[in-house]
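The sequence and the structure come before the discussion.

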Amino acid sequence: MDTIVHNGLWERIEGMFLTVIEQGHGSLALVFLIGVIFGGIIQYTRVDKFEKIAGFAMLKDTIVPKMLFLAVGLTSIGLYFMIEAGGAHYHIKPVMWQGLIIGGTLFGIAMAILGKCPGTGPISIAEGRIDVLVGAIGGLLGGLLFTLYYDDIFKPLMGESAGKMILTDFFKGHEHTVVLVYGIVITLIAIAIPKVEMFDEADLCQLPDDQRPDKS
Amino acid sequence: MARLPWWMGGILMSMLLLLTFSIFGADRPIGASTYVPYFAGVIFDLDPEKYSYLKHIENPGAWEGVMLLGALFGGFVTSVFITKSFRISFIPSGWKQYKNHSVLSRLLWSFFSGFLMIIGARLAGGCTSGHFMSGMSQMAISSMIFGGVVLVVVIVTGRLFYNVKEK
């Protein structure tokens, strides 16, 4: 029995690699590399820390929103013109009011308590955080439950789709202005949010004094 | 430099998003929550032919699964060699300062919130990466609704859950 399960698992993991190779969204190496850079940026800026995310929930740290808003502001302008030039495509998620509000509420509660999100959690596990590993086991069970009861419970809970909409749909004829204003306003928000930081001595005591962000 | 400033992080993340969106990159957004039910399907050996949701997420789930392996590797290497933050730990300093000193309490809350987080992300169809970063960069209305709800709920929960006044 054990060996059957074991073989099944390896086949499934192999299947994951094959699915990525076949679906044409970048080579296997590129997708892995995107992950490496993603993990590197998050670890290097330390935005995976409990003190950064739960710290924001307590309004004692604002690095996460500053970095997020800046990334969104810059990307929105670049992406719009890339799409216009045919160098990228839109991948919009539909407006499903019930799912967004119920899901966003559960997600927000969980993010404040865990002090991670699904993207930053694995980076914390990679630096040895056992509490986040336990959170990931909870997450796997959540994913299991969602899969098992998708048709019966969760899909109806998400409600009807009101369609895929983007901001420029409401300003026909003024797309360029809207994109520029949107991108600049979001970037300015990132700069305007007052910089507050919660430092973690246990994290910084490994560094020489001249490299510590709290002492420079 | 052992820490990147927030503005450098924002610029680098923006470049990574543009590369991923570009047809010369992956021609898709970055997402980081679909891999969880995908891995649940792999670990518990669920048949995608039997569960419509697994069929539905087969491609994005696998893509994010491989990206996640990269993220684990990148996070590990950076934490060992650059940020020097790698160590086995059970309870964050901020939890000790604003909640309690109990490892059991932290682990139970982690398990519970991890569970809630994935249910929430899958109901909403995305997380901080898929909705907030990738979605709002495309000016998607759904992502703005999600972002607004999450911002408010995070701050309210932070105020109620932690002893914010204690220093």
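## A helix pair across the two chains

In this predicted model, helix 4 of chain A packs with helix 7 of chain B at an angle of about 30°, and their axes lie 7 Å apart. Because angles under 35 degrees count as roughly parallel, helix 4 of chain A and helix 7 of chain B are described as roughly parallel to each other.

On the side of helix 4 of chain A, the contact is made by A:L68, A:A71, A:V72, A:T75, A:S76 and A:L79, while helix 7 of chain B contributes B:F132, B:M133, B:M136 and B:S137. By class, the residues of this contact between helix 4 of chain A and helix 7 of chain B comprise seven nonpolar and three polar residues, with no charged ones.

## The two chains

Chain A contains ten helices and zero strands, and the C-alpha trace of chain A spans about 60 × 55 × 35 Å along its principal axes. Of the 216 residues of chain A, 48% count as buried, and among the contacts in chain A with a separation of 6 or more, 63% are between residues 24 or more positions apart.

Chain B has eight helices and zero strands, and its C-alpha atoms fill a box of roughly 50 × 40 × 35 Å, taken along the principal axes. Buried residues make up 59% of the 167 residues in chain B, and residues 24 or more positions apart account for 53% of the contacts in chain B with a separation of 6 or more.

## The interface

Between the chains, 121 residues of chain B are in contact with 124 residues of chain A. At least two residues of the side of chain B that touches chain A come from each of helix 1 (6-21), helix 2 (35-43), helix 3 (52-56), helix 4 (58-81), helix 5 (93-98), helix 6 (103-124), helix 7 (128-137) and helix 8 (141-161) of chain B. That side of chain B divides into 75 nonpolar, 37 polar and nine charged residues.

## The largest nonpolar core

The largest nonpolar core has 107 residues, of which A:M67, A:A71, A:F107, A:A110, A:M111 and B:V66 touch the most other members. Helix 4 (residues 63-84) of chain A gives the most to this core, with eleven residues.

## Helix 8 of chain B

With 21 residues at 1.5 Å a residue, helix 8 of chain B should span 30 Å, and its end C-alpha atoms are 30 Å apart, which agrees.

## A helix pair within chain B

Helix 2 of chain B and helix 4 of chain B pack at an angle of about 95°, with their axes 8 Å apart. That angle makes helix 2 of chain B roughly perpendicular to helix 4 of chain B. In this contact, B:Y35, B:P37, B:Y38 and B:F39 of helix 2 of chain B meet B:G61, B:A62, B:E64, B:G65 and B:L68 of helix 4 of chain B, and the residues involved divide into six nonpolar, two polar and one charged.

## Two residues of chain A

A:I123 is found in helix 6 (residues 121-126) of chain A, and A:I123 counts as buried because 29 C-beta neighbours lie inside 10 Å. Leaving aside neighbours within four places in sequence, A:I123 is in contact with A:G39, A:I42, A:Q43, A:D48, B:A71 and B:G75. From A:I123 to A:I42 there are 81 residues in sequence and 7.4 Å in space, C-alpha to C-alpha.

A:D210 has its place in the segment after helix 10 (201-204) of chain A, and A:D210 counts as exposed, with 8 C-beta neighbours inside 10 Å. A:D210 and A:G138 are 72 residues apart in sequence, and their C-alpha atoms are 40 Å apart in space.

Note on methods:
Residues are numbered from 1 along each chain as its sequence is written. Chains are lettered from A and ligands numbered from 1 in the order in which they are written. This is a predicted model: local features need pLDDT of at least 70, side-chain atom pairs count only at pLDDT 80 or more; totals for chains, interfaces and linings use all residues. Helices (H or I, at least four residues) and strands (E, at least two) are DSSP runs, numbered from the N terminus. A residue is buried if 20 or more other C-beta atoms lie within 10 Å of its own, exposed if 12 or fewer, and partly exposed in between; C-beta atoms are placed from the backbone. Two residues are in contact if their C-beta atoms, placed from the backbone, lie within 7 Å. Ala, Val, Leu, Ile, Met, Phe, Trp, Tyr, Cys and Pro count as nonpolar, Asp, Glu, Lys and Arg as charged, and the others, Gly among them, as polar. The expected span of a helix is 1.5 Å times one less than its number of residues. A nonpolar core is a set of buried Ala, Val, Leu, Ile, Met, Phe, Trp, Tyr and Cys residues joined through C-beta atoms within 7 Å. Axes are lines fitted to C-alpha atoms, for helices over the stretch in contact, and angles run from 0 to 180 degrees between N-to-C directions. Angles under 35 degrees count as roughly parallel, over 145 as roughly antiparallel, 65 to 115 as roughly perpendicular and the rest as oblique.
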